[in-house]
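Let me put the structure up on the screen, and then I'll walk you through a few spots in it.

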Amino acid sequence: MAVYQDSIQIRTDGRGTTLITRQVEDVVRASGITTGTCHVFQHHTSASLLVTENADPDVRRDLETLIARMAPDGDPAYRHDMEGDDDMAAHARAMLTDNDLTVPVGRGRLVLGTWQGLFLWEHRYAAHTRMLTITVQGE
C-alpha cells in the first residue's frame, strides 16, 4: 500500500462555502494512487469541511440558514467573544459539522456522486487562509 500526503492552502472570502474539489483531485492525481481513500483534514476551529450539492447554490445558502439557527452570532449566553460576535458561533458551527472527511478513490479520481462536491465552509465573517492536509492511500 502506498501513502501520499500534501498540504494546500485555501483562501476563503469570509462566511460561506468554497469549492475545493479540484484542488483535492489535483493531490489525488499527483499521488499516482488509483484505488484507495483520500482523507482531507482542515487545521482550524472556526471552519469545517463538507460533501454536499455542487449544482444548486441554494442548498449551501439553506445550510447556512440552518446552522445560523443552531449557533447564532452574538448570543448573549456566549462568554467567548474575543474576536467579535461571530467568534463563538464559528467554533460551535465547526463543532456541529466536520473538520475532516474521507472519500473513496477509484481509477485515480475521487469517487463522488453526480451532484456532490467538496467544500471548505468558512464560519467567520472575515476572509481567512485555511490549511488542509490531504492524505491519499491505496494502490
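Let's start at Thr-52, which sits in strand β4, residues 47-53. Keep in mind as we go that this is a predicted model. Is Thr-52 buried or exposed? Its relative accessible area is 13%, and because the cut-off for buried is under 20%, Thr-52 counts as buried.

So who surrounds it? Setting aside neighbours within four places in sequence, Thr-52 is in contact with Val-59, Arg-60 and Leu-63, and also with Trp-115, Gln-116, Gly-117 and Phe-119.

Now let's step back to the sheet. In what order do its three strands run? The order is β2-β7-β4, in an open sheet with antiparallel pairing. For anyone who wants the reminder, strands of a sheet pair through backbone hydrogen bonds, either parallel or antiparallel. Back on our sheet, β4 is one of the edge strands, and β2, residues 16-19, is the other; each of them pairs on one side only. From one strand to the next, the twist averages 35 degrees.

Looking at one pairing in detail, β2 and strand β7, residues 116-122, are joined in the antiparallel sense over four bridges. If you'd like a pair to find on the screen, Thr-17 stands opposite Trp-121 in β7. Packing on this sheet is helix α2, residues 57-70, which touches β2, β4 and β7. The direction of α2 makes about 135 degrees with that of β4.

Next stop, another threonine. Thr-21 is found in helix α1, residues 21-31, and it is buried too, at 15% relative accessibility. What does its side chain reach? That would be the backbone nitrogen of Leu-118, at 2.8 Å. Beyond neighbours within four places in sequence, Thr-21 has contacts with Leu-110, Leu-112, Gly-117 and Leu-118.

Last, the nonpolar core. The largest one has 20 residues, and those touching the most other members are Ile-20, Val-24, Cys-38, Val-40, Ile-134 and Val-136. Which elements give two or more residues to this core? They are β1 (2-11), α1, β3 (35-42), β4, β5 (100-106), β7 and β8 (129-138).

Let me finish on Ile-20. Again leaving out neighbours within four places in sequence, Ile-20 is in contact with Ile-10, Leu-49, Leu-118, Phe-119, Leu-120 and Leu-132. Notice that Leu-118 is also the residue whose backbone nitrogen the Thr-21 side chain reaches.

That's my tour, and I'm happy to go back to any part of it.

Definitions and conventions
Residues numbered from 1 in each chain as written. Predicted model: local features only at pLDDT ≥ 70, side-chain atom pairs only at ≥ 80, totals over all residues. Heavy atoms only, no water. Buried < 20%, exposed > 50% of the residue type's maximum accessible area, 1.4 Å probe, protein only. Contact = heavy atoms within 4.5 Å. Pairing = 2+ DSSP bridges. Axes fitted to C-alpha atoms, helices over the stretch in contact; angles between N-to-C directions. Polar contact = N/O pair within 3.5 Å; in protein donor to acceptor, adjacent residues only side chain to side chain. Core = buried A, V, L, I, M, F, W, Y, C linked by side-chain atoms within 4.5 Å.
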